[in-house]
Amino acid sequence: MIFDAIIVAAGSGSRAGGPKQWRMLGGKPVVRWSVEAMVAAGARTVVVVVNHEHLDSAERFEGLPGVFIAPGGATRALSVAAGLNSIALAAAGSAGKDAPPPDAVLVHDAARPLLTPAHVASLLEALGESDAAILALPVADTLKAAVDGYVAATVPREHLYRAQTPQAFRFDALVRAYAAWPADETPTDDAAMVERAGGAVRLVPGDPRLMKLTYPEDFAMAEALIGRTTRVGQGYDAHRFGPGDHIMLCGVKIAHDHGLVGHSDADVGLHAVTDAVMGAIGVGDIGQHFPPSDPQWKGAASDLFLSHAAQLVSERGGRVVNVDVTIVCEAPRIGPHRDAMRDRLAEILDLDRDAVSVKATTTEGMGFTGRKEGLAANAIVSVEI
C-alpha cells in the first residue's frame, strides 16, 4: 500500500510556553521524532505543515528522504487541507511527475512525538476493511458533568474512547470528506469529517506512550519515556614542549616558560575530550575530522573541534552527560586553573559545572612527562543517545 503522511506542526503551543513542535526532545526537535517514524514505516512522502515563520525549516529534517515543507492555515483543519493539496506536488517531486496518488494518508500531530512504525503498521492494516482507522484508548477515569463548579451528573464511560493520532484514511475518502465539510463548522478531528461523510472508521488499540505534549511538565515525562542508552568514550592526547610563553589547556590560556608543539593550538585536554566524545558515538577520531595535513587547522583553537564533536552527538539525538579529564604533567601547576577549565568545558558542552571533572597527576619523574618534555591528558566521557 502506497501511503503518504501529513504532520501538522503549525500550532502556536501557547500552553506549552511556545511552539512545542520545535522544542528539543532527546536532542532533536519534537516534530522530527514523528517524521523519522513515518519515514521508517515506509511513507513515500511526508508533508510537514508549518506556520509561515518556519517555512525555512527544511534543514531540521536533513538526511530524511521524501520530506516536504508546506505552509499551514489559521486552523488545524485548514492546515490538513493544505497538506492534502501539497501531497500531489510532493509525490511528483520525490517519485516523478507521473507518480500516482497514495492509497492512504496518515494525519498526525507533531505534539505526539513517541510514534513508532508499529503504530503506523496497525493503522494501515485496519484500513483493509474501513475508510479510516484511528488509534484510541478506552476512558479509564470516572467522568463527571459539571455546572458552575458543581457535579451535575456522572457520565457512563462505557463505549467511550480517547482518540489519538496518527489517524489513517483512504486518500479519496479524506479528500471527499474535506470537500463536503461545511465551511462554517470546525471539526474536532479528521475522523469526524469522514464519519459525517458516511465513512466507516475503525478503532485500533492506542498507546499511552503516544502522549500529547501540551504543558511544560509533559516534556519531562516524554524524556523519561524515550529510553536512552549510555555510551562511554575514552580519549588520550600528548604534545611535547617547545618555544613559547604559554600553553592552552582545556580551553584556558596558562602562562608557562614553554609552549606546546602542535598543528592546532595543541590543547591536549580538549583533544582528549574530543576523541572521547567521538569514540562514544563511533565516528572516528579528531585526526579524521580535522587532518593535520589540512592547512586551515594550523593554529586553530581546539574548542572548534570539541564543539563539532558535541554537534555530532546532538545530530544523533544524544547529549553529553559528564566529562572526566586527567592532566599528566610535572608543570605547570593545574590547581590554580582547575575551576576555569571546568567552566570552559561546561560552556562548550552545555553542561552543569558539577558534570565536569578536571584532575591532575604526575608520573613522579618517570617518562616524557616526568622529564618535563611535554604533557598528556586522558579523558572519559559519558553520552546518552
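The following paragraphs lead through a predicted model of a protein chain, from its overall form to single residues.

Residues are numbered from 1 along each chain as its sequence is written, and side-chain values use heavy atoms, with hydrogens and water left out. Because the model is predicted, local features need pLDDT of at least 70 and side-chain atom pairs count only at pLDDT 80 or more, while totals for chains, interfaces and linings use all residues.

The protein chain contains 11 helices and 18 strands; these elements are DSSP runs numbered from the N terminus, helices being H or I with at least four residues and strands being E with at least two. For 385 residues the globule rule gives 21 Å, whereas the radius of gyration of the protein chain is 28 Å, well over that value, so the chain is more spread out than a compact globule. The radius of gyration is taken over C-alpha atoms, and the globule rule is 2.2 Å times the number of residues to the power 0.38. The C-alpha trace spans about 85 × 60 × 35 Å along its principal axes.

Of the 385 residues, 48% are buried; buried means under 20% relative accessible area, exposed means over 50%, and partly exposed lies in between, with a 1.4 Å probe and protein chains only. The accessible surface of the protein chain comes to about 18,700 Å², and 52% of it belongs to carbon and sulfur atoms. Such areas come from the Shrake-Rupley method with a 1.4 Å probe, and for residues only the protein chains shown count as cover. Among contacts with a separation of 6 or more, 69% are between residues 24 or more positions apart, where contact means heavy atoms within 4.5 Å.

One part of the fold is an open sheet of 5 strands, in the order β15-β12-β18-β16-β17, with mixed pairing. At its edges stand β15 and β17 (356–361), each with a single partner strand, so one side of each is left without a neighbour in the sheet. Two strands are said to pair if DSSP finds at least two bridges between them. Within this sheet, strand β12 (residues 230–242) runs antiparallel to strand β18 (residues 374–384), and 11 bridges join them. G235 stands opposite A379 in β18. Strand β12 also pairs with strand β15 (residues 259–260), again in the antiparallel sense, over 2 bridges. In that pairing G242 has G259 as its bridge partner, and F241 stands opposite L260.

Another set of pairings involves strand β7 (residues 132–138). Of its 7 residues, 6 are buried, so this strand is largely enclosed by the rest of the structure. Strand β7 pairs with β10 in the antiparallel sense over 6 bridges, and there the bridge partner of P138 is Y161. Strand β7 is also joined by 5 bridges to strand β11 (residues 201–205), the two running parallel. A132 has V201 in β11 as its bridge partner.

The peptide bond from T165 to P166 is cis, with omega near 10°, and P166 lies in strand β10 (residues 161–170). A cis peptide bond also leads from A331 to P332, with omega near 0°; P332 is found in the loop between β16 (319–328) and α10 (338–349).

Positive phi values in residues other than glycine occur at D148, where phi is near 55°, and at K372, where phi is near 60°. D148 is found in the loop between β8 (143–147) and β9 (150–155) and is exposed, with a relative accessible area of 74%. K372 lies in the loop between α11 (367–370) and β18; with a relative accessible area of 54%, K372 is exposed as well.

At 29% relative accessibility, H308 counts as partly exposed. Leaving aside its neighbours within four places in sequence, H308 is in contact with M278, H289 and F290. A180 is 128 residues apart from H308 along the chain, and the C-alpha atoms of these two residues are separated by 52 Å.
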